[in-house]
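Work through the exercises below with the model open. Try each task before reading its solution.

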Amino acid sequence: MIERVILAKPRGFCAGVVMAIQAVERAARSEDRPVTVYHSIVHNHTVVERLAEEYGVHFVEDLNAVDALPAGGDTVIFSAHGVSPAVRQRARELGLSSIDATCPLVTKVHTEARKYAREGYTVLLIGDSARHQEVLGTSGEAPEQTILVGVLGKSGPGLHDPYTVSVPDPQRLVVLTQTTLSVDDTRRTIEILKARFPALVIPPSEDLCYATKNRQDEVKRIAPAVDAFLVLTSTHSSNGMRLLELAGAECGRAYRLETGADLDALNLEGVRTVGITSAASTPDDLVQDVVARLRALNPALIVSEEGEWEHIEFRQPRKLGPNDAPIRVQQ
Ligand code: SF4
């Protein structure tokens, strides 16, 4: 019988996700044709399904598909994960207007990649998958000068091992990272690279974002007090899956839920206190639904929240024409 639930704060939407979803909603309300989003606007199935159902938003993985969509669409929105210059260029060639919903913290990493590449550095970009949209976008800033490195202990196609990666010039080397990795594993990976390449430049402000760090910190803080953790995340959410791994490592039992319906399949035998957190792209009503279901099964359930909410907001992006000139969007 579950007696207590501890909800982690912060959890769920970060400022970048709020900005990106609002950008899509705003465009969908103001455009007279359905808007198209390049890639999932954020990595959560429920968010994407709701935008498709409520606003008729189309999601494409290839800009050439925009023209082929039945309802057409001359505005494309770039997702929170960012895109490479090649994707922006293709949008211009297709005559598409664009709204860039890239999180400013991802844009910061793109700016660093361009700066160091211009200065002749090789960029070691630490990521958790060579196919992750953010990694594709950042590495696309300087593809010839970027080498992808896997986070410690993880490998995959296209990712080099930090222990064996070779570089053209160890004296002109910088390390950048995906924004949503494991804080601890990223630190260790950078330590290995620094030990191998002492001249490695580590930019003064790290690339892991505040939302990633804060959610991981809170899981670590709560884990000793709970018997199991429930983590609401889609499997393609990098920050969410890192929370799941961390929760499992810290408290020994962690379960992923896409929605509250997944509770039915869980065996929570022996669990009296449960921690709950969610990815930066998971809507909080899904968390509230899990709590309601647990309460229905355990009427005396005590629910508390621990930690602090974040108070960060990002500005809405402007709409740009195919020539990059700003276009006014009706509210
Ligand atoms: Fe931006 Fe971090 Fe949120 Fe990604 S998880 S959208 S980098 S704030």
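**Exercise 1. Find how the axes of helix α1 and helix α2 cross.**
Step 1: Take α1 as residues 15-30 and α2 as residues 45-55; helices are DSSP runs (H or I, at least four residues), numbered from the N terminus. This is a predicted model, where local features need pLDDT of at least 70, side-chain atom pairs count only at pLDDT 80 or more, and totals for chains, interfaces and linings use all residues. Residues are numbered from 1 along each chain as its sequence is written, and side-chain values use heavy atoms, with hydrogens and water left out.
Step 2: The two axes come within 11 Å and cross at roughly 10 degrees.
Step 3: Therefore α1 is roughly parallel to α2 (angles under 35 degrees count as such).

**Exercise 2. List the residues of α1 that meet α2, and their partners.**
Step 1: From α1 come Ile-21, Val-24, Glu-25, Ala-28 and Arg-29.
Step 2: From α2 come Val-47, Leu-51 and Tyr-55. Contact means heavy atoms within 4.5 Å.
Step 3: By class, this contact of α1 with α2 holds 6 nonpolar, no polar and 2 charged residues.

**Exercise 3. Describe the backbone at Pro-10 and His-39.**
Step 1: Pro-10 lies in the loop between β1 (4-9) and α1. A cis peptide bond links Lys-9 to Pro-10, with omega about 0 degrees.
Step 2: His-39 lies in the loop between β2 (36-38) and α2. Its phi is near 75 degrees, a positive value in a residue other than glycine.

**Exercise 4. Name the residues around the ligand.**
Step 1: Cys-14, Gly-16, Cys-103, Leu-105, Val-106, Thr-179, Thr-180, Cys-209 and Tyr-210 surround the ligand (a heavy atom within 4 Å).
Step 2: This shell divides into 6 nonpolar, 3 polar and no charged residues.

Note on methods. Nonpolar A, V, L, I, M, F, W, Y, C, P; charged D, E, K, R; others polar. Axes fitted to C-alpha atoms, helices over the stretch in contact; angles between N-to-C directions. Helix = DSSP H or I, 4+ residues; strand = E, 2+ residues; numbered from the N terminus. Parallel < 35°, antiparallel > 145°, perpendicular 65-115°, else oblique.
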